[in-house]
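This briefing walks through one protein model, moving from the whole chain to its sheets, helices and single residues. Please keep the structure open beside the text and find each element as it is named.

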Amino acid sequence: MPSSHTSSDCPSSAIDSESLTSQTVCQPPSYYQFAISLLKPAYRLQVWRRSHKRDNYRQEVEQRFGKNYPSVPVANAEDASLAPVDMLSTDKGIVWCHAVSLGETNTVAPLLDMLLASGYQIWLTNTTQTGFARGASRFADEIAQGRVSHSYVPVDSPAVIERFLAHVKPDVALFVETELWANILTKLSEHRIPSILVNGRLSASSFTRYQKIGAVSRSMMKNLALIIAQDNESAKRFRQLGADSAKIRVAGSLKWVINTPKNNTAHSNGAVIDAKTVGIKDEYQHIQHQKIELATEFGVVGRPIWVAASTHGGEEEIALSLHKQLLSNPALADALLIIVPRHPERFDEVAALIQSTELTMARRSAEESISADTRVYLADSMGELMTWYQLADVALVGGSLVDVGGHNPVEPASIATPVLMGRNTQSCQTVVDRLSEVGALYQPSNTFYRPVSLDMASTTTLPKAGKNDDVPLIYQQLLSWLSHLDVAKQAGQAGAQLTVQKQAVLVRQFTMIEDVIEQYSNQELL
């Protein structure tokens, strides 16, 4: 039922922590509404240009503009036996979760798993094609069971949002990390549906952009019921944009939580570290045993292996150049490089690039086996990233050698694979710094890095004059770890141990979400 407490301005006074449900609806400024109405046709044209050749183009357009949604998710009592014993398999209502793209979908997946196990149903929306494909594969079983419904996010038009909310009828809305839309948040507030920013992160550059539209940003901050920030810096920036301190919690980053893709090969299923049941040392031994089994399956036992994962344009060239240097070392002449491009539309482009180097290549999509002569394996498949991290002795995590922001290094660290990254890690810098402190991740010029072995500290004394030195420094660390696999294993174990310690963030964010849902539910009963 829409609230009658609407306002055209945004009160700036702080609210009491026990009164999160009594907020006044804050309308975005009229110029924003006018801009949205003008941009709506242009956005439709943009979607057509980007997607009209895709099979699901009509589905995407209809869902973005408020038509032909799938059925709402329903509780499935038959799956109650799959839930942990401490979870209640009851029908608690629908959670709408918006994750922009692939990275956000992977980050929030474990939280959605916990919500499903606790008795909620999920409506998942994505913005990008890559994110939509990931959501469809990651929750394929739950979608088939009817417990998860999946669509593209509606455009930020009041009429479209009204149609979306009337169909979905969510009890709470979750937005992952940063992407927020003023009209969506206003409509949720009008309908007394709490909106929560989970795993909230606000970088300095994003903060500057939000400041430029100050009135719009204030309206969004006021209409959010809760902001669960990753760190104190993000919390401070949200406050500066107009969020009430009482609605901000700092809980750590969900990037520390291991996301085990359900559509992966079986090898990734053992990647989840449960220190309570098996202990860290036992789990590490289990991981090493799985690495050996995987190497046997792929016929690469005894070969030094490294993976360049989630790579973007420009990073494959660097990885291939580093690999050629490794192969020139007699001790590493049989080294194997696995390349995993971030976006599937680049698979053929990367294959052509590898062929141009004249290095012997095998392709996953062609089901080509890795022979003794294979020097590069193109892992051009979806949903198998954890398999390649587990197979490798060292992982170079992409999006960091080019200015993308860096992808999540916790995935390789969680299965005891030491990590290399370039300097562009603004999307995950806190995680990078913590892994560097324990010697599990090497990043040029990162002052937090402490090698696990003093004998391996030589790479930290190389010149650090600027970004042009990054690649030589990364090569030296790669060479060091692949030449001393015992030290690489120590670094990997340090990362796995740290990952175990950070798992509590999942329960913290889950508990905060449930608290807000309960507060709103109790308020409706009054």
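In this protein of 526 residues, 58% of the residues count as buried. The model is a predicted one, and its secondary structure comes to 20 helices and 16 strands. If we take the contacts between residues at least 6 apart in sequence, 70% of them join residues that are at least 24 apart.

**The sheet from β5 to β9**

- An open sheet is formed by 7 strands, which follow one another in the order β5-β4-β3-β6-β7-β8-β9 with parallel pairing.
- At the edges of this sheet lie β5 (148-152) and β9 (248-250), each of which pairs on one side only.
- Neighbouring strands of this sheet are turned by 20° against each other on average, if direction is ignored.
- Strand β6, made of residues 172-176, pairs with β7 in the parallel sense over 4 bridges, and within this pairing A173 has S195 of β7 as its bridge partner.
- Helix α6 (residues 158-168) packs on the sheet, where it touches β3 (93-98), β4 (120-126) and β5, and its direction makes about 155° with that of β4.
- Helix α10 (residues 232-240) also packs on this sheet, touching β7, β8 (226-229) and β9, and its direction makes about 170° with the direction of β9.
- As a general point, the strands of a sheet pair through backbone hydrogen bonds, in either a parallel or an antiparallel way.

**Strand β4 inside that sheet**

- How many of the residues of β4 are buried? The strand is mostly covered, since 7 of its 7 residues are buried.
- In a regular strand the side chains alternate between the two faces of the sheet.
- In β4, the residues Y120, I122, L124 and N126 point one way, whereas Q121, W123 and T125 point the other way, and all of them are buried.

**The residue A173**

- A173, which is placed in strand β6, has a relative accessible area of 0% and is therefore buried, the cut-off being under 20%.
- Leaving aside neighbours within four places in sequence, A173 is in contact with W96, L188, I193, P194, S195 and I196.
- A173 and L224 are 51 residues apart along the chain, yet their C-alpha atoms are separated by 9.7 Å.

**The residue R201**

- R201 has its place in the loop between β7 (195-200) and α8 (204-212).
- Is R201 buried or exposed? Its relative accessibility is 17%, and because the cut-off for buried is under 20%, R201 counts as buried.
- Apart from residues up to four places away in sequence, R201 touches E177, T178, Q230, S234, F238, Q426 and S427.

- The axes of helix α3 (residues 102-117) and helix α4 (residues 129-138) come within 9 Å of each other and cross at roughly 30°.
- Because angles under 35 degrees count as roughly parallel, α3 and α4 are roughly parallel to each other.
- The crossing in which α3 passes α4 is right-handed.
- On the α3 side the meeting residues are L102, T105, N106, A109, P110 and D113, while on the α4 side they are T130, G131, R134, G135 and R138.
- Sorted by class, this contact of α3 with α4 has 3 nonpolar, 5 polar and 3 charged residues.
- Helix α9 (residues 214-223) is largely enclosed by the rest of the structure, because 8 of its 10 residues are buried.
- The buried residues of α9 include G214, V216, S217 and S219, and also M220, M221, K222 and N223.

**The sheet from β10 to β16**

- Another open sheet is formed by 7 strands in the order β12-β13-β11-β10-β14-β15-β16, and here too the pairing is parallel.
- Its edge strands are β12 (361-363) and β16 (441-442), each pairing on one side only.
- Strand β11 (residues 336-341) and strand β13 (residues 376-378) pair in the parallel sense over 3 bridges, and I338 has Y377 of β13 as its bridge partner.
- Helix α13 (residues 315-327) packs on this sheet and touches β10 (305-311), β11 and β13, with its direction making about 170° with that of β10.

Note on methods:
Residues numbered from 1 in each chain as written. Predicted model: local features only at pLDDT ≥ 70, side-chain atom pairs only at ≥ 80, totals over all residues. Heavy atoms only, no water. Helix = DSSP H or I, 4+ residues; strand = E, 2+ residues; numbered from the N terminus. Buried < 20%, exposed > 50% of the residue type's maximum accessible area, 1.4 Å probe, protein only. Contact = heavy atoms within 4.5 Å. Pairing = 2+ DSSP bridges. Axes fitted to C-alpha atoms, helices over the stretch in contact; angles between N-to-C directions. Parallel < 35°, antiparallel > 145°, perpendicular 65-115°, else oblique. Left-handed = near helix turned anticlockwise from the far one by under 90°. Nonpolar A, V, L, I, M, F, W, Y, C, P; charged D, E, K, R; others polar.
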